[in-house]
Amino acid sequence: MGLLTFNINVTLDGCVDHEEGIADDETHAFFTRLMDEAGAMLWGRVTYEMMESAWPAVARGDVEAPPAMREWAVKLEAKPKYVVSSTRKDFPWTNSHHIADLRTGVQKLKDATPAGVLLCSGKLATELDRLDLIDEYKFLVHPRIAGHGPTLYESGLPSTRRLELVSAKPLRNGAVAVHYRRAR
């Protein structure tokens, strides 16, 4: 069974707005490495639609992009992508698959993906954490205070999650990559 790892950009005040992080070559290389290590990506519908609207065009070369962004896009194009949605069933982007039943579908995905699954959706993470399905957290903490939301776990959790630090690595751009594992 593979691990489910929640991965996201976050500011010091907990904001997970994708426009608030540092989007440079170092950040894209970091996320490309994480994606390379995982066997599949997992998103909620809203994140999928945001990604689907931008990255396929970058991968095809229809949009100019720096080499690190293009590498991310090309690898993302090939990576299996799973989408949890109760409102949409058709996901035409290359190598995309629908998960209708949250608990059973995500558990089956973990069981079938020994290299692990990278979860990259904030609202979905809250629901999966409530089901105790998240094993690890890899956050890229940006040296910014956004002063607005959306924020991590905005709708709350039933109890505090105790975590064990696996690693913390500062990047040249001032962000810090932190890796935590659930303390069970």
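Me: How many bridges must DSSP find before two strands pair?
Reply: This model is predicted, so strands are read from its atoms by a rule. Two strands pair if DSSP finds bridges between them, and the number has to be at least two.

Me: Which residue in the hairpin of E7 and E8 takes a positive phi?
Reply: Strands E7 (residues 163-170) and E8 (residues 176-182) run antiparallel, joined by 7 bridges. The hairpin has 5 residues between the strands.

Me: What is the bridge partner of Leu163 in E8?
Reply: Strand E7 covers residues 163-170, and E8 covers residues 176-182. The two strands run antiparallel. Leu163 has its bridge partner in E8, and that partner is Arg182.

Me: Which residue of E8 is the bridge partner of Tyr137?
Reply: Strand E6 (residues 136-142) also pairs with E8. That pairing is antiparallel, over 6 bridges. In E8, the partner of Tyr137 is Tyr180.

Me: Which are the edge strands of the open sheet?
Reply: The open sheet has 8 strands, in the order E4-E3-E2-E5-E1-E6-E8-E7, with mixed pairing. Its neighbouring strands are turned by 25° against each other on average, direction ignored. An edge strand here pairs on one side only. The two that do so are E4 (96-99) and E7.

Me: How far apart are the end C-alpha atoms of helix H1?
Reply: Helix H1 has 13 residues, 25-37.

Me: Which residue's side-chain oxygen reaches the backbone nitrogen of Glu26?
Reply: Glu26 is among the buried residues of H1, as are Phe30 and Leu34. At the start of H1, a side-chain oxygen comes to within 3.3 Å of the backbone nitrogen of Glu26. It belongs to Asp24.

Me: Which element gives the largest share of the largest nonpolar core?
Reply: This core has 25 residues, and those with the most contacts inside it are Met41, Trp43, Trp55, Trp72 and Leu76. H1, strand E2 (40-44), helix H2 (45-60) and helix H3 (67-78) each give two or more residues. The largest share is 5 residues, and it comes from H2.

Me: What is the relative accessible area of Trp43?
Reply: Trp43 is found in strand E2. Leaving aside neighbours within four places in sequence, its contacts include Tyr48, Met51, Leu76, Trp93 and Leu124. Buried means under 20%. Trp43 is therefore buried, with a relative accessible area of 1%.

Me: Is Lys110 buried or exposed?
Reply: Lys110 is found in helix H4 (residues 102-112). Not counting residues up to four places away in sequence, Lys110 touches Met1, Gly2, Leu4, Val117, Leu133 and Asp135. The cut-off is under 20%. Its relative accessible area is 3%, so Lys110 is buried.

Me: Which residue with a positive phi follows H5?
Reply: Helix H5 spans residues 122-130. Its buried residues are Leu124, Ala125, Thr126, Leu128 and Asp129. After H5 comes a residue whose phi is positive, near 60°: Asp132.

Methods:
Residues are numbered from 1 along each chain as its sequence is written. This is a predicted model: local features need pLDDT of at least 70, side-chain atom pairs count only at pLDDT 80 or more; totals for chains, interfaces and linings use all residues. Side-chain values use heavy atoms; hydrogens and water are left out. Helices (H or I, at least four residues) and strands (E, at least two) are DSSP runs, numbered from the N terminus. The expected span of a helix is 1.5 Å times one less than its number of residues. Buried means under 20% relative accessible area, exposed over 50%, partly exposed in between (1.4 Å probe, protein chains only). A polar contact is a pair of N or O atoms within 3.5 Å; within protein, one must be able to donate a hydrogen and the other to accept it, and residues adjacent in sequence count only if both atoms are side-chain atoms. A nonpolar core is a set of buried Ala, Val, Leu, Ile, Met, Phe, Trp, Tyr and Cys residues joined through side-chain atoms within 4.5 Å. Axes are lines fitted to C-alpha atoms, for helices over the stretch in contact, and angles run from 0 to 180 degrees between N-to-C directions. Contact means heavy atoms within 4.5 Å.
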